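Here are my notes for your first look. Keep the model open as you read.

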Amino acid sequence: MATTAQLFEEPFDADEYIERLAWRTPGGGSKGGAEAFDPKRLLEEFQDHIEELNRLDEKIQRRVEKLEHQCHREAKEFAHKVQDLQRSNQVAFQHFQELDEHISYVATKVCHLGDQLEGVNTPRQRAVEAQRLMTYFNEFLDGELRSDVFNNPEKIKEAADIIQKLHLIAQELPFDRFADVKAKIASKYHDLERQLKLEFTAAQQRGEIGRMREVAAVLLHFKGYAHCVDVYIKQCQDGAYMHVDVFEDTALLCQQVNTQVGDVFQSPETVMAKLIQNIFENKLQAHVKEKLDETRHSDVEQYLKHLYDLYTRTTALATKLTEFNLGSDKHTFLAKLIKNIFSTYLESYIEIEKDYLRTRSSLTLQRYYDSKNHQKRPLGGGSIQELKERIRQRTNLPLGPSIDTHGETFLSQEVVLNLLQETRQAFERCNRLSDPSDLPKNAFSIFLLLVEHLCVDHMDYALEIGLSAIPSADAKNANLYFLDVVQQANTIFHLFDKQFNDHLMPLISSSPKLTECLHKKKEVIEQMEVKLDTGIDRTLNCMLGQMKQILATEQKKTDFRPEDENNVMLQYTTACSKVCAYVSRQVERVRKSMDGKNVDTVLTELGVRFHRLLHEHLQQYSYSSMGGMLAICDVAEYRKCAKDFRVHLVLQLFDTLHALCNLLVVAPDNLKQVCSGEQLTNLDRNLLHAFVQLRVDYRQARLGRHFS
């Protein structure tokens, strides 16, 4: 195998190299098996190859030495070249410093010479300018303008510059000696100024922006420059307001002028601000005055709508105008313009708003009561009326006849929505039109009007009428419409609360008025909740009264002590059937009338009273064996009815009552064991004894001994 330096390049594997050498040697590899292996031949091949590697190593070593010698020689030559370059660079740097010093010297001399030339030339130029002005002044003094500059219309710009300077000079001259020439110069001054104004106007009409810019630059030094700006502003507006919408026309006009004014005037922000001020003080103010004055005294609703709309659109327009360059404090500038237009209207806004809201709300309520042919009753506030109401609430005594409302609740969701809609619009106008410092106070005053008309005049009145219409507990066939009042009042509460959170809270959330509003809301709701609670309590009493009448009418003593014990249908009594039907209807009405935890609270109270009524009712009779079974059937039906309440406490009470009724039929020997049962063990022994005493066999079976 030929040996070259390339065989040892990285990556080099010595084992692989030996294996490859042995494999290429005849008799040195595994080819042919163990018989073909020749170690001597392999040894000779290795020795020859080692000698060849030694020769290759010597050859490479000589080459390395030659290259190292060449590298040292070239390094010395490069070092000499670097030293020569450093010396040359040092010489060049010295020459550069000398040249820089020479240039600085020459520059100093040139600056000094320039200052001397300027010092000589400036007085010379002033003298030439003074001589030129004196020449023109002499022409005015002689009364004959011979110079071409005053007689050539194409040189009006140069003439304007001259006459402007002569006008300034003439003002310094004594009047008695130069009155005539001063008058001539002033006349020429005004004549040129007039010509420049006419030229500017004509150029604007032709749309020649370049010519307008030239004339405006000349007029800048004349007193009539402001008039030139006024003319420009006036002509910009000619034909601009061709549509009905003055705000859109204004925005479009300002957009067009803004792209042009920078090409004409040297101070475009001043001209733009003056244009906007002119539009606000003339076009917009006249438009606002026309719109508002025609409805201010004749149609307050339209007046408030127009005021809100105009103010909103004006502020929106001002927001658009802030995109233009109007100076450093453009927001204050625009706010002042808006204030100048609306200040007289905004000062009286909140009083007009409150008067309108008060009138509108009263009219809405009155129309509703008129549609019901109802004459609103003055609710008694005297001491006697209050005393009657307190006695009625605490004792449920029928103090005077109840009012027959024929099922009318005197609550209207349509009326409520109208009142809330009017108030919502008032809050929106208040937020837009009120000064930020007065906003919480104004919003609170609107809220008080809502409370007055919605909560007091409508809801509280309906609750008072509803309370007065609740019949006494012993009334027959009583119609309990107060639950309908509760249902509608509950809906109105939700709408009122939503209005409070959505529209009032954002206006007062960061002010001290928040506490007052929350307190007022809480106070009003608590007052009405007291009346609702009172009405519900009295309604429940009426329900219990109806149940009592059904039981008193339908329940017979013979139901539980039949004459023929063998001919009893073990189902439940007629009284039980009618009471359960009545109770189911009332439970359903309660669920429809209320929501949330209020349903469980009222049904719990009704269930407890229902249980107490049945408990007392069952203790009025004596029970035979079959009668006791019938009583158990009745209580089982009552318990089934009680499941509709979906109240755990009520179910427990009826389970206990059912267990008590078992005492009416249990065998005497098992009585003690039943009394110790799970449901009866915690009850008072006297209560158990009282139920056992209802059995007809109480004395005969000597059942009292179990309780002695």
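1. How far is the sulfur of Cys580 from the closest cysteine sulfur? The distance is 4.0 Å, to Cys576, which is too far for a bond. A disulfide is a pair of cysteine sulfur atoms within 2.5 Å. The whole structure has zero disulfides.

2. A word on the source. This is a predicted model: local features need pLDDT of at least 70, side-chain atom pairs count only at pLDDT 80 or more, and totals for chains, interfaces and linings use all residues. Residues are numbered from 1 along each chain as its sequence is written, and side-chain values use heavy atoms, with hydrogens and water left out.

3. Cys580 is buried at 6% relative accessibility (buried means under 20% relative accessible area, with a 1.4 Å probe and protein chains only). Cys254 is buried too, at 0%.

4. Look at helix α15 (residues 439-469) and helix α16 (residues 482-508). Their axes come within 11 Å and cross at roughly 180°. That makes α15 roughly antiparallel to α16 (the term applies to angles over 145 degrees). Their contact has 22 nonpolar residues, two polar and no charged.

5. Now the rings. There are nine aromatic pairs (ring centres of Phe, Tyr or Trp, for Trp the six-membered ring, within 6.5 Å). Tyr369 and Tyr461 pair edge-to-face, at 5.7 Å centre to centre and 75° between the planes (edge-to-face means over 60 degrees). Tyr369 lies in helix α12 (residues 349-371) and Tyr461 in α15, so the pair ties together parts 92 residues apart in sequence.

6. Phe447 and Phe500 also form an edge-to-face pair, at 5.4 Å and 65°. Phe447 is in α15 and Phe500 in α16, so this pair links parts 53 residues apart in sequence.

Notes
Axes fitted to C-alpha atoms, helices over the stretch in contact; angles between N-to-C directions. Helix = DSSP H or I, 4+ residues; strand = E, 2+ residues; numbered from the N terminus. Parallel < 35°, antiparallel > 145°, perpendicular 65-115°, else oblique. Nonpolar A, V, L, I, M, F, W, Y, C, P; charged D, E, K, R; others polar. Buried < 20%, exposed > 50% of the residue type's maximum accessible area, 1.4 Å probe, protein only. Phe/Tyr/Trp six-rings, centres within 6.5 Å; stacked < 30°, edge-to-face > 60°.
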